[in-house]
Amino acid sequence: MKIVSVIDEIRECVRSARRDGKRLGLVPTMGALHAGHGALIENAVRECGFVVVSIFVNPTQFGPNEDFSRYPRTFEQDTAYCQRLGVDAIFAPSADQMYPRCQQTWVEVEKLTDGLCGATRPGHFRGVTTVCAKLFNIVMPDIAYFGQKDAQQAIVIRRMVDDLNFPLTIRVCPIVREPDGLAMSSRNRYLSPDERRQAVCLYQALESCRQMFDQGCRHANELIELMCGLIERAGGQIEYVSIVDMETLEPVEIIDRRVLVALAVFIGSTRLIDNCLLDLRPPEKCV
Ligand code: AMP
């Protein structure tokens, strides 16, 4: 496995893989890898002859009061994990490699980024789409892998790829959870043991929502009320609990189509997100 931090070098690696006729997979991450990332990597290794995992804590997607400086950085464990999973190259650039000058060009997806996380994290998605556009142009993958955990992000990236005709496929893989249901996240490391116990309330709220939906409830506000009650009783501080159209991310009142149920909740000072799809068809497989 190659570990590369320079853009020209990773370009050379992928060029030679492509010369060998290999299909190229890219898994963009911010490191502090866990089994959620692992699932994306496994899918990539299964489908592609050459897999690049990028590890880059992208400064442009963090707000000024967010956790950029204390975001967990576990590079040695990450490289060992990637090696075990059969990754061909890690691309771990410095911020100077990715942003050598003051960036004047940004990629911005409109509308889809207005609500949910976009409402409270101004500039976040602009940072995400810009860094993904850069990574796509550097690695030129055939397939890029994202997690359903960051549902809005996956929808926004798909839209960018469509709107700007990037010649690649976006694969979105199901959420990987801890045994008690908590969605795996690098930020779970911030939780104290008590907070870790509380944090399961996001999953429990989503499960209760799904149950009520399965029993026939189609009123979004009733489902939202149920979830808010459960989260608040568990001590979570709600940023949003929303039920939105899967394509437009606009709130729905009556659930008569495929919807995304999305939550952002503070457990102590740690902001966690989670979501599920409500559909008449079985949800959450790789698409
Ligand atoms: P991050 O390192 O947090 O930027 O995440 C990198 C990629 O891994 C993103 O596409 C995430 O959606 C995905 N990911 C993170 N956590 C999970 C999880 N629990 N299950 C599935 N995918 C995940």
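I began with β2 (residues 24-29), which runs parallel to β5 and is joined to it by two bridges. Two strands count as paired if DSSP finds at least two bridges between them. Ile143 in β5 is the bridge partner of Gly25.

The model is predicted, so I noted its limits: local features need pLDDT of at least 70, side-chain atom pairs count only at pLDDT 80 or more, and totals for chains, interfaces and linings use all residues. Residues are numbered from 1 along each chain as its sequence is written, and side-chain values use heavy atoms, with hydrogens and water left out.

Next I looked at the other partner, β6 (residues 169-173): five bridges join β5 to β6, and the two run parallel. Phe146 stands opposite Val172 in β6. With helix α7 (residues 151-163) between them in my list, β5 and β6 make a right-handed β-α-β unit. Right-handed here means that, with the strands pointing away from the viewer, the path from the first strand over the helix to the second runs clockwise.

Is β5 buried or exposed? I found five of its five residues (143-147) buried, where buried means under 20% relative accessible area, exposed over 50% and partly exposed in between, with a 1.4 Å probe and protein chains only. Ile143, Tyr145 and Gly147 lie on one side of β5, Ala144 and Phe146 on the other, and both faces are covered.

I then turned to the open sheet of three strands, in the order β7-β8-β9 with antiparallel pairing. β7 (237-245) and β9 (270-278) are at the edges with a single partner strand each, so one side of each has no neighbour in the sheet. The twist averages 10° from one strand to the next; angles run from 0 to 180 degrees between N-to-C directions, and axes are lines fitted to C-alpha atoms, for helices over the stretch in contact.

β8 (residues 259-267) pairs with β9 over nine bridges, and Val261 has Cys276 in β9 as its bridge partner. Helix α9 (residues 201-214) lies across β8 and β9, at about 20° to β9. Helix α10 (residues 220-233) touches β7, β8 and β9, and its direction makes about 155° with that of β7. Contact means heavy atoms within 4.5 Å.

Last, I checked the whole chain: buried residues make up 55% of its 287 residues.

Technical notes:
Helices (H or I, at least four residues) and strands (E, at least two) are DSSP runs, numbered from the N terminus.
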